[in-house]
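Please open the model in a viewer and keep the selection tool at hand.

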Amino acid sequence: MTPEQLAAQWEEEKPPAAGPLANMASSLVVLGVGIGAVVLSISMGLGTPSSPQPGLWPFVISCVMAALGLFQLILGRHNRDAEKFTRMSLAPLTGLVTLAAMVALMPLIGFEIPALVLCIIWMRFLGGETWRSTLLVSAIVVAAFYGIFVLALGTSIPHLF
């Protein structure tokens with residue numbers, strides 16, 4: 001296929017464009033999450049650049065996120081490149097929920113089982129990999145993390161073995 005034919009095919013297959021309401025809603029979500037993260041990072045303590053506390057870098061990133069959300073809200077509402085929300089729009093949300101579940105389960109049962117389940121969900125259901133490659137790569141990833149963080153570095157990450 002020529003580049004022009006490929007571009008035309010992509011244009012035909014792409015999801016419908018989102019309207020101004022969807023652009024505004026997504027901008028408000030980003031702005032809200034950014035503001036919430038600013039508040040949480042301040043509660044962790046900021047410190048100074050020469051003596052930072054745990055909330056300093058999350059604060060900086062949260063400010064950038066809130067600024068980008070506000071910028072998108074004001075100037076990006078006429079953006080015609082944004083895609084309408086479809087079933088595939090749930091994939092990032094699924095990734096976020098499974099990652100949060102892993103973080104919540106790690107102190108209770110260690111990182112091995114939650115990390116293995118996370119890898120399987122992400123590779124098989126979000127990535128569409130075969131069961132064979134999913135199971136093989138997931139096991140290798142968890143073993144590599146165990147080797148690096150538990151055996152080699154001796155970190156205090158919660159683990160079963």
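A nonpolar core is a set of buried Ala, Val, Leu, Ile, Met, Phe, Trp, Tyr and Cys residues joined through side-chain atoms within 4.5 Å. The model shown here is predicted.

**First stop: the core.** Select Met-102, Met-106, Phe-111, Ala-115, Leu-118, Val-142, Tyr-146 and Val-150; these 8 residues form the largest nonpolar core. Three helices each supply at least two residues of this core: H4 (90-109), H5 (112-126) and H6 (131-152). The largest share, 3 residues, comes from H6.

Next, centre the view on Leu-118. Which residues does Leu-118 contact, leaving aside its neighbours within four places in sequence? They are Thr-98, Leu-99 and Met-102.

**Second stop: H4 against H5.** Display helices H4 and H5 together. Their axes lie 8 Å apart, and the helices pack at an angle of about 165°. Since angles over 145 degrees count as roughly antiparallel, H4 is roughly antiparallel to H5. Their crossing is right-handed.

To see the contact from the side of H4, select Ala-91, Thr-94, Gly-95, Thr-98, Leu-99, Met-102, Leu-105, Met-106 and Ile-109. On H5, the partners to select are Glu-112, Ile-113, Pro-114, Ala-115, Leu-118, Ile-121, Trp-122 and Leu-126. Colouring the contact of H4 with H5 by class gives 13 nonpolar, 3 polar and 1 charged residues.

The crossing in which H5 passes H6 is right-handed.

H5 contributes Glu-112, Ala-115, Leu-116, Cys-119, Ile-120, Met-123, Arg-124 and Phe-125 to this contact. From H6, select Trp-131, Ser-133, Thr-134, Leu-135, Val-137, Ser-138, Ala-139, Val-141, Val-142 and Tyr-146. By class, the contact of H5 with H6 comprises 13 nonpolar, 3 polar and 2 charged residues.

**Last stop: Ser-27.** Move to helix H2 (residues 20-44), where Ser-27 is placed. Is Ser-27 buried or exposed? Buried means under 20% relative accessible area, and Ser-27, at 2% relative accessibility, therefore counts as buried. To view its surroundings, select Gly-69, Gln-72 and Leu-73, with which Ser-27 is in contact when its neighbours within four places in sequence are left aside.

Technical notes: Residues are numbered from 1 along each chain as its sequence is written. This is a predicted model: local features need pLDDT of at least 70, side-chain atom pairs count only at pLDDT 80 or more; totals for chains, interfaces and linings use all residues. Side-chain values use heavy atoms; hydrogens and water are left out. Buried means under 20% relative accessible area, exposed over 50%, partly exposed in between (1.4 Å probe, protein chains only). Helices (H or I, at least four residues) and strands (E, at least two) are DSSP runs, numbered from the N terminus. Contact means heavy atoms within 4.5 Å. Axes are lines fitted to C-alpha atoms, for helices over the stretch in contact, and angles run from 0 to 180 degrees between N-to-C directions. Angles under 35 degrees count as roughly parallel, over 145 as roughly antiparallel, 65 to 115 as roughly perpendicular and the rest as oblique. A crossing is left-handed if the near helix is turned anticlockwise from the far one by less than a right angle, and right-handed if clockwise. Ala, Val, Leu, Ile, Met, Phe, Trp, Tyr, Cys and Pro count as nonpolar, Asp, Glu, Lys and Arg as charged, and the others, Gly among them, as polar.
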